[in-house]
Amino acid sequence: MKITSMNITRWISLACLAWLPLAVHAQANDAVRALKLLPAPKEVRLAEGRIVIKPSTTILISNSEHRSAAETLQKEIHDRTGMKLSIELVTAAPKTTGHISLGRLTDRGLRSYLESQGVNVDDELGSHDLDKQGYIIRVTESGVLVAGRTAQGLFYGVQTLRQLLRPEGSGGKTLAVPALVIRDWPSMEWRGVSNDISRGPIPTVDYLKMQIRTLAEYKINLLGFNMEHVFDFQTQSLVSPKEAALTPAEIKELVEYASKYYITLLPEQQAFGHLHQFLKYEIYSELAETPHGHVLTPTNPKTYDFIRQVYGEVVPLFPGPFFHIGSDETFELGLGQTKSLAAQQGLGRVYLEHLQKVFEIMQPYHKQLMFWGDIAVKYPELLTILPKNMIAVPWEYDPKPSYENIITPYTNAGLRVVVAPGAGNWGVIWPNLESAFVNIRNFVRDGQKHQAIGALNTTWNDDGESLVDMTWPALVFGAAASWQPGESSIEDFKSSYDWAFYRNDDGDSTFAGVIENLDRAHTLLAGVKLNNASHELFWSDPFSQAGANTAAEALPVTHDLRISVEQAAETLMRDRMKAHLHSETLDDMLLAAWHLDTLGLKIQFTSEISRFYWDAYQNQTDGTRAQQDLDEIVDINGRLQSLRDAITQLREMYAQGWARENHPYWLDNVLVRYENLASEVQAKIVVVQAAQRQYWNTKTLPPPEQLGFFLK
C-alpha cells in the first residue's frame, strides 16, 4: 500500500502534546514510568484516551516483509484474549478506522504526515546507523500506527506495542492501547547475549528457538554460542558428543530462524585456551602447551593447521559479520612448550602474535574478529600489534563503580570494543542478580561513554549445573541497559519486570518479589562470609569437619534464608496464573526455591542432628533422654530421613528442569551428585541405627566424631 498523508489522516488524529524525553531514566515522569516498558523508550508523548482492540480490528501491512512482526503482535493478542486479528496486505486506505497499521518511514507520504503533526522524523531518528533500528508509534482513539525506517525498526516498534496492550474489564479479555506518541532508537548498535553451551548442558534446537524469540522481544540482536567441542566436527571426529552436538543442518536452521527475529548468531570457537576437551586426547598432545591441558601452544606450526581445519568447518555456517576467537584465560601459556620463547620475547608478545596469526588465517572469510580482553589488557603498550579491525571484548563480572580501566586501553589503541558483563549465574543455585544488575548497569554505561559498539551479556556454566531459564532477569536488564542511554535504573527495571516479562496485570510486583526473595539467599550468606548460595556449599559433605564448620557459620542466617525462599515458593505455587507470558520460566524459579530451601534444611538439620547425638552421648545414663535424642535423628520422619527425602525429590525436579532446556547428554554428571549426597545421608542413617542398637544392648554410644558429628 502506498501510504499518503490523506490516508494517514483518515486513520489517526492526535492532539498536540508535550514531549517527555527519557534520557535520564531515574528521573522519568511518573506517568511514563507507569507504562512499565522494557527497554524504556527514549521519547514519549502521552495523551488522553485510548483505542480498544476488537475482533474487527485488522493488522494492516504494506509489505510482506512486515508479516513476521505482524504475526508476533497477532499471537500476543490471541494468547491473551482469544481474538485472532486478521493480517491484511493492503494497497489502499481502509474504509474504516480502528486498525493497527504497520508502515515504513521511507514512505514519503507517511513521513510528510508525521512531520505535519509535529513528529520530527529526521532529527536523531535518521542521522546514523543506529536509527535503522528506530521506530515511531502513534496511538489515538482512531487507530495505531507503528513505523520504522527499516523492517528491523518496525519489528522493534511492534515489540513495544505488545507491551502497550493493556487489559480492560474483568477477566482481562479486552485490550486497549493508551493514546501516545513514541520515538525510539537504540543507544548501542549491537545488544547481545553469550550462551555457554560447552561445559555441560547443550540446549535443544527448540529451546534455542524459544530463547531467540524471547530475546528479540527485548530488542537483543546478537546471540553468541561459546563453543569448544560441541560442534559436530568431521575433521576432528573424536571430540564431539554425537548425541547432542550442533550439526551443520541445525546451525543453518537456527541462522535462518534467528534472521526472522533480526538476531545475528555469533559463533565463538576457541582458538587458544579452553580447549581441554580436545587436548585431553593423546592425538592432540603435540598441540598442547602443557600435557592434557587447556591451551594450544603457539610454537608448533601444526597448531595453526588445526585452527584452519576447525574454522574451515564452522565459519562458513554463520553468515553474520562477526566471529569470536575466544582466547581468554590462557593461564598455562609460558609454562610448557612456549617457556623459552616467552622468556625471550615476553609473554604478552607471544600471546598477541598468536591472535595476529589467527587473524591472518581468518582473512579469507571476511569476518570481524572478536577476542576476550582479559589477557591483552595486561600489555597495553603492545596492542598496536593487533590489526585495527579486531574487536576487543573486555569482561568483568564483579560489581564495580567503574570499568573504564579495562575499556580505555583498547580504545586508546584505536580498537573497537564490545563490553561483556555477566548474568551472575555460574556456580550458584540461583543467579546473584543484585551483583549482576550493578555489574551490567555500570559496565554498559561505561561502554557507551567510550563508544563501545555493543554489549555482550554473558552466561557461563563453570560446573555444568546452571539452567538458562533462571537468568532471564539479568538478560532482560542487559537488553534494556544496552538499548537505553547512559546509566539505567535498576529500580525502574524491577518495577517494570512483572508487566514487561510476565504480563502480570494485577498492578503488583509478584514475580519481582519472588526474585528478590530468592536473591536474598546470597545477601544473607555473604553476611556470614560465605560469599553466596553456591553449588559447592550445597554439595559439601555435612558430616565432615569442614562441613560442620560451614554449617556453624551459616546457621545464624539459615532461618531467614528458608523463610525467604519458602515465601518465594509459596507465591509461585499460589500466583502462577498471574503470568500471562513466559510462564514456563516459573518452573526453574520454583526449582531454585526448593534447591535453596534444601540447602537451608541441610544446614539446620546437620546442626540439629549433631546436637541431638552429642546430647545422647553426654547423657547415656538417662535412657529415656538418649533414646528420644536418637529418635529425633533416625526414627520415622527423623531428620536424616527428611534430609534424604528432600535431596532425592530435588534430584527429580532438577532432571525435569534440565529436560525442559537441554539434550540428555551430560545430565548424569549432575544427577550423580544428588545420588552421592543422598547416599551419604542414607549411609549415616545406617550408622546411627547401628549406634542405636548398640545403645539398646550395652547402654553405650560410639563417640560423636566417629560418626561424623562435630558440632557440640
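The model is predicted, so local features need pLDDT of at least 70 and side-chain atom pairs pLDDT 80 or more, while totals for chains, interfaces and linings use all residues. Residues are numbered from 1 along each chain as its sequence is written, and side-chain values use heavy atoms, without hydrogens and water.

Let us start with helices α14 (residues 472–483) and α15 (residues 490–502), which pack at an angle of about 110° with their axes 11 Å apart. Helices here are DSSP runs (H or I, at least four residues), and strands are runs of E of at least two, numbered from the N terminus. The pair is therefore roughly perpendicular (65 to 115 degrees). On the α14 side, W472, P473, V476 and F477 meet I490, F493, Y497 and F501 of α15 (contact means heavy atoms within 4.5 Å). By class, that contact has 8 nonpolar residues, with no polar and no charged ones.

Now turn to α3 (residues 67–81), whose 15 residues reach 21 Å from first C-alpha to last, close to the 21 Å expected at 1.5 Å a residue. Its buried residues include A69, L73, I77 and R80 (buried means under 20% relative accessible area, exposed over 50%). After α3 comes G82, with a positive phi near 90°.

The loops are worth a visit too. Between α2 (30–33) and β2 (43–53) lies P39, joined to L38 by a cis peptide bond with omega about -10°. S327 has a positive phi near 75° and is buried, at 1% relative accessible area. H366 also has a positive phi, near 55°, yet H366 is exposed, at 71%.

Note on methods. Axes are lines fitted to C-alpha atoms, for helices over the stretch in contact, and angles run from 0 to 180 degrees between N-to-C directions. Angles under 35 degrees count as roughly parallel, over 145 as roughly antiparallel, 65 to 115 as roughly perpendicular and the rest as oblique. Ala, Val, Leu, Ile, Met, Phe, Trp, Tyr, Cys and Pro count as nonpolar, Asp, Glu, Lys and Arg as charged, and the others, Gly among them, as polar. The expected span of a helix is 1.5 Å times one less than its number of residues. Buried means under 20% relative accessible area, exposed over 50%, partly exposed in between (1.4 Å probe, protein chains only).
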